[in-house]
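Work through these exercises with the model open. Try each task before reading its solution.

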Amino acid sequence: MEQRKEHVSMVLQRLVPRVLDILTVHFRHSREAKGPVVSVPELDQLTADLGLDRPLPADPVSDDAFLDILQRYLAGSTRMQHPGYMAHQVAVPAAGTALADLVHGTTNNGMAIYEMGPAAVAVEMAVLDWMAGLAGWPRLRRPQDGEGDFCEGALTHGGSLANLTALLAARAAACPQGWEQGTEGMRLCVLAAPEAHYCISRSVGMMGLGLQALRPLPVDERQVIRPDGLPAALAEARQAGCHVMAVVASACSTGPGLYDPLHEVGTFCAEQNLWFHVDAAHGAAALLSPDLRRRVRGLEMADSFIWDAHKMLRTSSLCAAVLVRRDRGLSRAFSQQGSYLFDGEEHPGVDLLERTVECTKAALGLKVLFNILLCGVSGLRRHVERQYDLAQRCHAAIASRPGFSSPFPPQANIVCFRAPGDDDHQLQVRRRLLEDGQFHLSSTAIGGRRYLRLTLMGEDNRMEDIDRLLDAIEAFSPEPGGAPSS
Ligand SMILES: *Cc1c(COP(=O)(O)O)cnc(C)c1O
């Protein structure tokens, strides 16, 4: 007789408290900076440490063996809660999103079709309405809505996919017949700053436009779009026989973390009737703060924008919003019919499938909703304000250290700076810090120069950690306190 399997809920009842105990210790050690923020052994070594250099088990392992692997996994993981974690733009998750992952992990409503997760669709729409409202946009269309002013949106598995989706919507607007007939002969192009996230050029490549269809916008020395150069960029594109399908601005840019002048770019696009797309993956969160939202002034003029909740809204990866200002502008991005899914019947809800690359999709809205329920919008606002403010103070601390330079005041929670020494030295500093295990930074090139880069994502990043970091960097420097070599 077949052995009756233990139900999922029983396994969870047994293991979740023990997993939580282990995570709690892991978080405490991380927050107290016991142990390295990251260690990056050779992959083969790590695989062996995890016991994964042997065939995977044919039969269930004991609880203890399972928890042992979990411990090893955590030991080989980057500690987001460590005060020295300042590397990448990934959120340190709040509790709400962790609970949402548990609920989704067990209910698994693949909710791209309304009937596959009605509550998840309702949550997603409410989250998108909230985001649209913050941007000064009307809410999303519902099935019972008649004519009126609505936008369209969807949550996607990440900002890269959200940007692609928005650009597909822009393409559908520029070339409605393109879905059926292709766009060959149209010479569609996209105008974007060279510092735009690489997923923009990747999207252009994936759309088959050819990379020469990505035309650079003029920028200043900080790689921020220069609005006075827009007319010439448009004229040049037109002279080259190109049809501009979208102008892309960043809020904020990934490397330097600076906001493009959305109001100026948006005004130009409105005058010229160009699709204005704002990649606000990181920086849309400024909308939450009455003080910071001036950074995204002009976002309300966009035809589309994206917003990664897994950056400043403290959700786990991935959860990104794509919003399109024009009613039905997003559904048109995918003018495709799958007869088993799109049956043309009247539906009580919305099939988000029509708006996304994904077919099966996770209940992403739950991550945002649960964070809002447990932190409040006010808590998320305070988080954004705290991290942005910390970056300002960090910039001041760097600027006042002899030999250090921070080329421009930060506009988000990303700080670029140079330690005393040449380009190579910046990379060496990063490598040595990584080996040392107390700080995890990234680095970026801006205008051909190499910078160290801090992304202050964690509530555990404090000013004293930044002072310790600068001390540590100083100790590595060839001529401590000396003038930076150029
Ligand atoms: C992070 C980021 C992206 C990419 O988003 P993913 O969610 O990592 O795919 C795109 N654009 C900007 C400006 C970003 O900061």
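This is a predicted model: local features need pLDDT of at least 70, side-chain atom pairs count only at pLDDT 80 or more; totals for chains, interfaces and linings use all residues.

Residues are numbered from 1 along each chain as its sequence is written, and side-chain values use heavy atoms, with hydrogens and water left out.

**Exercise 1.** Find how many disulfides the structure holds.

Solution. Apply the cut-off: two cysteine sulfur atoms within 2.5 Å. The count is 0. Check Cys199: its nearest cysteine sulfur, in Cys252, is 13 Å away. Now check Cys319: the closest cysteine sulfur, in Cys375, is 14 Å off, so too far for a bond. Cys319 is buried at 1% relative accessible area (buried is under 20%, exposed over 50%, partly exposed in between; 1.4 Å probe, protein chains only).

**Exercise 2.** Which residue forms a salt bridge with Arg326?

Solution. Look for a side-chain nitrogen of Lys or Arg within 4 Å of a carboxyl oxygen of Asp or Glu. Asp303 is the partner, with the closest N and O atoms 3.2 Å apart. The pair links distant parts of the chain, 23 residues apart. Arg326 is partly exposed at 35%; Asp303 is buried at 12%. Compare Arg393 and Asp389: their closest N and O atoms are 3.3 Å apart. Both lie in helix α12, 4 residues apart, about one turn.

**Exercise 3.** Is Asp465 buried or exposed?

Solution. Asp465 has 1% relative accessibility, so it counts as buried. Its side chain meets that of Arg462 in a salt bridge at 3.0 Å, N to O. Arg462 is partly exposed at 34%.

Technical notes: Helices (H or I, at least four residues) and strands (E, at least two) are DSSP runs, numbered from the N terminus.
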